[in-house]
Amino acid sequence: DLPLVDIDQKEIETWEQRYPSLADVWPLSPLQTGLLFHASMTIDERVDVYTMQAVLDLEGAVDPDRLRDAGQALLDRYPNLRTAFVTDDEGQSLQLVLDEVELPWRTVDLTDRADDAREAGLAEVLADEQARRFDMETAPLMRFLLVRSGADRYHLAVTSHHILLDGWSMPLLMQDLMALYVLRGDRTVLPRVRSYRNFLAWLAEQDHAASLDAWAQTLQ
C-alpha cells in the first residue's frame, strides 16, 4: 500500500525507537482530529468526556483467562484499535499503527463484601475505571475490567476513547468479542475485515475544498 502521509524518514526512525512494533502511519479523519484536539486541551486530571464505557453483565460459568484471550484477539483483529496518536514536528496529527499491543486487563473480586454493599462497590469500581484518562500517545486506548460480584455473576467493562470507536461500532465489537470467546481466541475462523486504512485512503482522495464549501453553506 502507498503511504497515506508524507513523513520525514528521520522522524519515522525516532518513532520506531519509541514504538518498536510500528507497522504503519495514518492520518486522522476530521472527527478524530477534533477529538484529539479536545483531549490535548484538557491537561489536568479532569474526566475526559470522550472516554466511553460499555458493560456486559454475565451469568454462569465465566473463564476469565479465556475472556482475556478473546479481548487480546480482538485487538489483534483490528489495526485501528492498536493506534497511538501523536503530532509530528510540523504540527500534523497522526496515528501510529502498532503490530503488537498487549491488552490492558484487570480483575476485581467483590464477593467478600456483604450483599448490600456489592452493588455500591460495583458502581464505584466502574466509575473509577471510566474516570481514568487515556494517554493518547500510548496504545491501546482501550482497557478491559472484569468484576466478579457473585459466585456466578460477572461484569465486563470495556472502556475506550471515542477516537477509536463510536456507538455504532460498539455492538459489532461486542459481537466479535463473544464469538472469539466461543472460539477460544482463534480469530482465523472469523471472516476477514477491511482495514480502517481503506476509509482513510478514500477520504484522502476527496475534494477537501468542495467539502469546506458545502459545510460553510450549510452552517450559514
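Predicted model: local features only at pLDDT ≥ 70, side-chain atom pairs only at ≥ 80, totals over all residues.
Strand β4 covers residues 93–98 and runs antiparallel to β1, to which four bridges join it. Within this pairing, Val25 is placed opposite Leu96 of β4.

## Four-stranded sheet

A further open sheet contains four strands in the order β2-β7-β6-β5, and its pairing is mixed. Here the edges are β2 (51–59) and β5 (105–109), each with a single partner strand, so one side of each lacks a neighbour in the sheet. Neighbouring strands are turned against each other by 20° on average, direction ignored.

Nine bridges pair β2 with β7 (residues 153–161) in the antiparallel sense. Val55 has Ala157 in β7 as its bridge partner. Two helices pack on this sheet. Helix α4 (residues 115–131) touches β2, β5, β6 (142–150) and β7, and the direction of α4 makes about 175° with that of β6. Helix α5 (residues 169–182) touches β2, β6 and β7, with a direction at about 40° to that of β2.

## Salt bridges between elements

The structure contains nine salt bridges. One of them is formed by the side chains of Arg18 and Glu137, at 2.9 Å from N to O. Arg18 belongs to helix α1 (residues 9–18) and Glu137 to the loop between α4 and β6, so this pair ties together parts that are 119 residues apart in sequence. Arg18 is partly exposed at 48% relative accessibility, and Glu137 is likewise partly exposed, at 30%.

Arg197 and Asp24 form another salt bridge, with their closest N and O atoms 2.7 Å apart. This pair links distant parts of the chain, since Arg197 is in helix α6 and Asp24 in strand β1, 173 residues apart. Arg197 has a relative accessibility of 9% and counts as buried, whereas Asp24, at 23%, counts as partly exposed.

The side chains of Glu119 and Arg153 meet in a salt bridge with an N to O distance of 3.0 Å. Glu119 lies in helix α4 and Arg153 in strand β7, so the pair ties together parts that are 34 residues apart in sequence. Strand β7 is among the strands that α4 touches. Glu119 is partly exposed, with a relative accessible area of 43%; Arg153 is also partly exposed, at 31% relative accessibility.

Salt bridges also link Arg106, Glu129, Arg132 and Arg143 in a network.

## Overall organisation

The secondary structure of the protein amounts to seven helices and seven strands. Starting at the N terminus, the elements follow the pattern α-β-α-β-α-β-β-β-α-β-β-α-α-α. The C-alpha trace spans about 60 × 40 × 35 Å along its principal axes.

Of the 220 residues in the protein, 40% are buried. Among contacts with a separation of 6 or more, 71% are between residues 24 or more positions apart. The protein exposes about 13,000 Å², of which carbon and sulfur atoms supply 51%.

Conventions:
Residues numbered from 1 in each chain as written. Heavy atoms only, no water. Pairing = 2+ DSSP bridges. Axes fitted to C-alpha atoms, helices over the stretch in contact; angles between N-to-C directions. Contact = heavy atoms within 4.5 Å. Salt bridge = Lys/Arg side-chain N within 4 Å of Asp/Glu carboxyl O. Buried < 20%, exposed > 50% of the residue type's maximum accessible area, 1.4 Å probe, protein only. Areas by Shrake-Rupley, 256 points an atom, 1.4 Å probe, with all protein chains shown as cover.
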